[in-house]
2 protein chains.
Amino acid sequence: LKQIVECVPNFSEGRRQDVIDEIVAAMSRVLGVHMLDTQSDLDHNRSVVTIIGSPQAVVESAFQGIAKAAELIDMNHQRGGHPRMGATDVVPFVPVRGVTMEDCVVLARQLGERVGSELEIPVFLYESAATRPERRNLADVRRGEYEGLKEEITVDPDRAPDFGPAAMGSAGATAIGARPPLVAFNVYLNTPDVTPAQAIARAVRHSSGGLRFVKALGLLVEGQAQVSMNLTDFQRTPIHRVLEMIRVEAARYGLSVTRSEVVGLVPSRALFDAAGFYLQLDGFSLDQILENRLSNDE
Amino acid sequence: LKQIVECVPNFSEGRRQDVIDEIVAAMSRVLGVHMLDTQSDLDHNRSVVTIIGSPQAVVESAFQGIAKAAELIDMNHQRGGHPRMGATDVVPFVPVRGVTMEDCVVLARQLGERVGSELEIPVFLYESAATRPERRNLADVRRGEYEGLKEEITVDPDRAPDFGPAAMGSAGATAIGARPPLVAFNVYLNTPDVTPAQAIARAVRHSSGGLRFVKALGLLVEGQAQVSMNLTDFQRTPIHRVLEMIRVEAARYGLSVTRSEVVGLVPSRALFDAAGFYLQLDGFSLDQILENRLSNDE
């Protein structure tokens, strides 16, 4: 079984195109890595690079990106709308095929160790790779951002990094971790009124009492109410359960779902699970997918 | 984009294991071919071999199988429950990835030409590869079976082969064609009575007025009523439409669907389509499947 890992490093540069290009070039020179996407945000002053490939190629590519970003981004002068603590701010590993979350935790530690020792950048392990419960949440790890952490890291043992020195240079600190794939899923309602979409978002999202792995907002998109979501663990909170909950909540306002959309990439598994649910498929194995037979052999 | 074709040769030998083994061995010696499955039926005296791989590897593997079967199976002495006209009875090519039905028609012709000239076996092109409307249906091509066709092929111009001699030796004749992937899909009802399953099978199947690409039977399986189906073109008659039609027909008897099953392999596309329907996914492209990004590059 061929192993495939995804990695989504976030760099604290979204304005200087030459800097972004150099980072991406350094990452793409690694053999066996596929560059899926680079998205830069001017307001956030941040770029998100998505790569995919064999575990070792992806680790090497992420390392090259971190090294280049440390060279080209000085956090003492970096400003932007997005919270950040380092030139490479956060590096999540995501299992795609033939790898477990535990495998991705091992990769996060491996990369963290190298970044700490070779680049002398403090590294904090987060989410599934976290070494302490209070470090699972990225927002907690990044509290105080670059400026605040720069002070605290030298004096507060609770903020000592997992790898690298307890001192920050111009490259700041980096959070490295492992998490499930994100699915960006939006559901549209047959109304131009945003109010029910906001009420439904509150009903389904974790933060206000809803489903464990759902983040949601009610929006108005081109005059149509939309429940805009990030599903942060589609295996434990599957798409179909979210959609059917929205359907029931919408019916309470006399509304119905007109359509949905997946933004960006989605693991095939998420759609197979939805098909399995609605078709009431019993005893189905992913080995029965014709294309999977091929990749298992290769 | 890597091209993948499936091929499912049916050989008229399901009893002599050494003969089956020799045919499978000849086919699997071809580089780049993956043997997915071999199923032999004693009553039918027939074996169905499923292979997958690059178009040229699959054509070569099918040719080697046909050559070996011609060597080891004498149709003058072959008897079995399944209609047949040749040692290799029928060879369908099935598009899987990066190939169209037209590509498979070209492969069918290419193989047919070689089988006709090099092995001197009469070849009839059928289904999408048929050269005449009356040869689309395999049952029509095979009418009279080995014994009947042996007479007619020499005298009736309507039964002249597309390739090879208008005369049959001990290997008989072979039908070679192209068709969409089959999906074997069964739906269970909450009753031990087979009658409503039979009525529902009649409602959904093409032959008695139902959906164009559905073959269906009502059965009793371990005491539970089952609508047992072959979906012969899941892109034009999709799984969800069949299931929802069964649901409505079942409700008319006060029954409901307890579960369904896919037997054997299913193209990922069939399940993506079902997910898309039930999730009401708009503007979704197969390029958004994470794993597809990888295979497109390779």
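Predicted model: local features only at pLDDT ≥ 70, side-chain atom pairs only at ≥ 80, totals over all residues.
I then checked Cys7(A), which is in no disulfide. Its nearest cysteine sulfur belongs to Cys104(A) and is 8.9 Å away. A disulfide needs the two sulfur atoms within 2.5 Å. I also looked up the accessibility of Cys7(A) and found the residue buried, at a relative accessible area of 0%.

I repeated the check in chain B. The cysteine sulfur closest to that of Cys7(B) is in Cys104(B), and because the separation is 8.9 Å, the two are too far apart for a bond. Cys7(B) has 0% relative accessibility, so I list this residue as buried.

**Sheet in chain A**

I traced an open sheet of 4 strands in chain A, in the order β9-β10-β8-β11, and noted antiparallel pairing. Which strands stand at the edges? They are β9 (214-221) and β11 (257-263) of chain A; each has a single partner strand, so one side of each lacks a neighbour in the sheet. From one strand to the next, I get an average twist of 20°.

I looked at one pair inside this order: β8 (residues 183-189) and β10 (residues 224-231) of chain A are joined by 6 bridges in the antiparallel sense. Here Phe185(A) lies opposite Met229(A) of β10(A).

**Helices on the sheet**

I found helix α6 (residues 194-204) of chain A packed on the sheet, in contact with β8, β9 and β10 of chain A. The direction of α6 makes about 175° with that of β9(A). Helix α7 (residues 239-251) of chain A also packs on the sheet and touches β8, β9, β10 and β11 of chain A. For α7, I noted an angle of about 20° to the direction of β8(A).

Terms used. Residues numbered from 1 in each chain as written. Chains lettered and ligands numbered in written order. Heavy atoms only, no water. Buried < 20%, exposed > 50% of the residue type's maximum accessible area, 1.4 Å probe, protein only. Pairing = 2+ DSSP bridges. Helix = DSSP H or I, 4+ residues; strand = E, 2+ residues; numbered from the N terminus. Axes fitted to C-alpha atoms, helices over the stretch in contact; angles between N-to-C directions. Contact = heavy atoms within 4.5 Å.
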